[in-house]
Amino acid sequence: MAEQPRAKRRNTRQELIEAGIAEINRYGVTDFSMRRIAQTCGVSCGAPYKHFGDRKEFIAAVIEHVNGQWKERQTVLLETYAGDTKAQIVEMSTGYVQFLVENPHLRAILTLKDEEFDNVYHKMRGELSSPTQQLIQRYCEENAIPPEVRRRKVYVIRSLIFGAAIQFDNGELEYGPDTLQIVHDSIQRELELP
């Protein structure tokens, strides 16, 4: 007798995280409802607590999930441009813009401002952009660029990243290869300025 194929096992934790992202996008952290998320996933009201313990752990898991998705892309970019700090900065910054635009449901987590969003969550969220800042620091050290110029470069490059993402999102710039190249070239130009 042939063996019956197993039914695909449900990944409830992953479903809850994805529903948590949608919940934060729609309601923010203040009105984040584990009951609503459970209902969306078709599980009992107690199911989220089995996977996350409490509301704060759930929100932390959502942020860790977002961090993990970006870190995967970062790793590929860093390895592709290994040995060239300037190229790593430019490509990672441009890649971050793409990540933000192509994953609008994740961007809400990255730009989240909420009274309840304490320093732990802020630190976790900051992990997404800290590698770029570290690369700029390294680039400035490699090129003997003074600290006040480094601070300007960090500010300008971060402004270009988030400004581009917002402009793509609201339609001020059409998202495509030509406009991404403008972002890419602008970041590269900032690194070349004294």
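**Salt bridges and a helix pair**

Colleague: Which residue's side chain does Arg 152 meet in a salt bridge?

Modeller: Glu 190, with N to O at 3.0 Å. A salt bridge here is a side-chain nitrogen of Lys or Arg within 4 Å of a carboxyl oxygen of Asp or Glu.

Colleague: And why does that pair tie parts together?

Modeller: Arg 152 sits in helix α9 (residues 147-170) and Glu 190 in helix α10, so the pair ties together parts 38 residues apart in sequence. Helices are DSSP runs of H or I with at least four residues, strands are runs of E with at least two, and both are numbered from the N terminus.

Colleague: What kind of model am I looking at?

Modeller: This is a predicted model: local features need pLDDT of at least 70 and side-chain atom pairs count only at pLDDT 80 or more, while totals for chains, interfaces and linings use all residues. Residues are numbered from 1 along each chain as its sequence is written, and side-chain values use heavy atoms, with hydrogens and water left out.

Colleague: Okay. Is Glu 190 buried or exposed?

Modeller: Buried, at 7% relative accessible area. Arg 152 is partly exposed, at 31%. Buried means under 20% relative accessible area, exposed over 50%, and partly exposed in between (1.4 Å probe, protein chains only).

Colleague: Which residues are linked with Arg 152 in a network?

Modeller: Lys 153 and Glu 190; salt bridges link them with Arg 152.

Colleague: How many salt bridges does the structure hold?

Modeller: Five. One of them joins Lys 86 and Glu 192 by their side chains, 2.7 Å from N to O. Lys 86 lies in helix α5 and Glu 192 in α10, so they tie together parts 106 residues apart in sequence.

Colleague: New topic: at what angle do α5 and α10 pack?

Modeller: About 145°, with the axes of α5 (residues 85-102) and α10 (residues 177-192) 9 Å apart. Axes are lines fitted to C-alpha atoms, for helices over the stretch in contact, and angles run from 0 to 180 degrees between N-to-C directions.

Colleague: Which residues meet there?

Modeller: From α5, they include Ile 89, Val 90 and Val 97; from α10, Leu 180, Val 183 and Ile 187 are among them. Contact means heavy atoms within 4.5 Å.
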